[in-house]
Amino acid sequence: MYVVSCPNCAHPCPVSLDRPDAATCPACGFAGALPPDLRGRLEAAAGLLKGIDVRHRQLTGQQRSVLGSGCGFTVILATVVTVFMIPAIIWAAVNVGLALEARTLGNTVLSLVLGLSPALVLLLGATVSYLLLRRVRDRLKRATVAAPPFEGSTAARCRVCSAELVSTGDAIVRCAFCEADNIVDSSIVSDAAQAQYQVLEGFERVVSDAGQSLHRAARHGVVAVIASLASAPVLAFLFAMIAYAALSAVEQPANLELRYTILDTPGGRCLARVYESGDGSFELSFGVATPPGASTTSRRTTLEGLEIVNAQWVVGRDVRSHYFSTPSTGRVTAIVGDLTGETNFTTLQGWSVPIEGLCLVTPE
Ligand SMILES: [Zn+2]
Ligand SMILES: [Zn+2]
């Protein structure tokens, strides 16, 4: 609110840039022309405003969306979250199902982390977007709120030039004098603590600042809201991938529950994995590193006559792996598991190779 000292009683007397010739004192009732110097200042400030691009005090379409008029950002946020939440929830449900069926702790943890992280990150992203949206909206409202009516009147005043605003029934009214957008929602107008600016030294700077407040205050906020809206789904899936990579990098101890047996093959005695089939029979498998001349799997109704061992058995033995086209050989010094707990590995000549399919190297 711009005020001058009443020429009659010195009480603060509100004035507006559109009526530099008139002031009405709320204290003594004085109504009339202002002294020439004050009038000159009001006219100079009005001239200053004319030189500032009106768009700097008007709301953009996006800012209006943030404020909730038209297709509001809250609706967009809810839509984005719903659209991406549906696949995220299906994905979570599938993985929780897998986690419940998993036979190893590693598999359970993996399924839960990978399954739940997209939904959780999406929820987190939506919350951050919503809080950001609310903050930008509050800031925008404070920057756009109209000034309260002068005493003895009910019409809200333009926040930039103090001209009387003609109500259109809309929440946002454009000033007829300086074309600034004003929010005239009465609850906000009355809440706003209205500073009084004397029409004295520095007055023009105050007017100039008000004349471009929206340009400065709120343009970046809307971009931030849009960015955070768009990034939530991307972040959700990025997080799942990072979680997977991080979990994979953790070296797991070997799973000593897994059973192996030693079978004779044309290439010597080799380790096969023992799987129990649902019908009570057994499948013996060399897996992806099947020794030359041997068949990858064979079936037995009983394990009788077979030596059943765990992965530890191979430690300290000289072995050859056919995992790569050029066989790698060496002495097994250590065994490790993997994230799923379904395969054990050792390192031969710098390469990680599975335990099943390893053949014993017998000294010549
Ligand atoms: Zn007075
Ligand atoms: Zn105005």
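**Entry 1: a helix pair.** I began with two helices and found that the axes of α1 and α6 cross at roughly 30° and come within 9 Å. The model I consulted is a predicted one. Angles under 35 degrees count as roughly parallel, and α1 and α6 are therefore roughly parallel to each other. I noted the crossing of α1 past α6 as right-handed. I then looked up the residues at this meeting. From α1, I listed R41, A44, A45, L48 and L49; they meet F203, E204, V207, S208 and G211 of α6.

I returned to V160 to list what it touches. Not counting residues up to four places away in sequence, V160 touches L49, R57, C175, C178, A180, A210 and G211.

**Entry 2: C25.** I placed C25 in the loop between β3 (23–24) and β4 (31–32). Is C25 buried or exposed? I counted 21 other C-beta atoms within 10 Å of C25, and a residue is buried at 20 or more, so C25 is buried. Leaving aside neighbours within four places in sequence, I listed the contacts of C25 as C6, N8, C9, H11, C13 and F30. I also looked up the pair C25 and P12: they are 13 residues apart in sequence, and their C-alpha atoms are 7.5 Å apart in space.

**Entry 3: two positive phi values.** I looked for the backbone angle of A10 and found phi near 70°, a positive value in a residue other than glycine. A10 is in the loop between β1 and β2. I recorded A10 as exposed because it has 12 C-beta neighbours inside 10 Å, the cut-off for exposed being 12 or fewer.

I then turned to Q349, where phi is near 50°, again a positive value in a residue other than glycine. I found Q349 in the loop between β17 (345–348) and β18 (351–354). With 12 other C-beta atoms within 10 Å, Q349 is exposed.

**Entry 4: L303.** I placed L303 in the loop that lies between β12 (297–300) and β13 (308–309). I counted 15 other C-beta atoms within 10 Å of L303, so this residue is partly exposed. Which residues are in contact with L303, leaving aside its neighbours within four places in sequence? I found V274, F282 and I308. I also checked L303 against T261: the two are 42 residues apart along the chain, and their C-alpha atoms are separated by 9.2 Å.

**Entry 5: the domains.** The domain assignment of the protein gives domain 1 as 1–250 and domain 2 as 253–360. How far apart do the C-alpha centres of domain 1 and domain 2 lie? I recorded 66 Å between these two centres.

Terms used: Residues numbered from 1 in each chain as written. Chains lettered and ligands numbered in written order. Predicted model: local features only at pLDDT ≥ 70, side-chain atom pairs only at ≥ 80, totals over all residues. Domains from an automatic or database assignment. Contact = placed C-beta atoms within 7 Å. Helix = DSSP H or I, 4+ residues; strand = E, 2+ residues; numbered from the N terminus. Axes fitted to C-alpha atoms, helices over the stretch in contact; angles between N-to-C directions. Parallel < 35°, antiparallel > 145°, perpendicular 65-115°, else oblique. Left-handed = near helix turned anticlockwise from the far one by under 90°.
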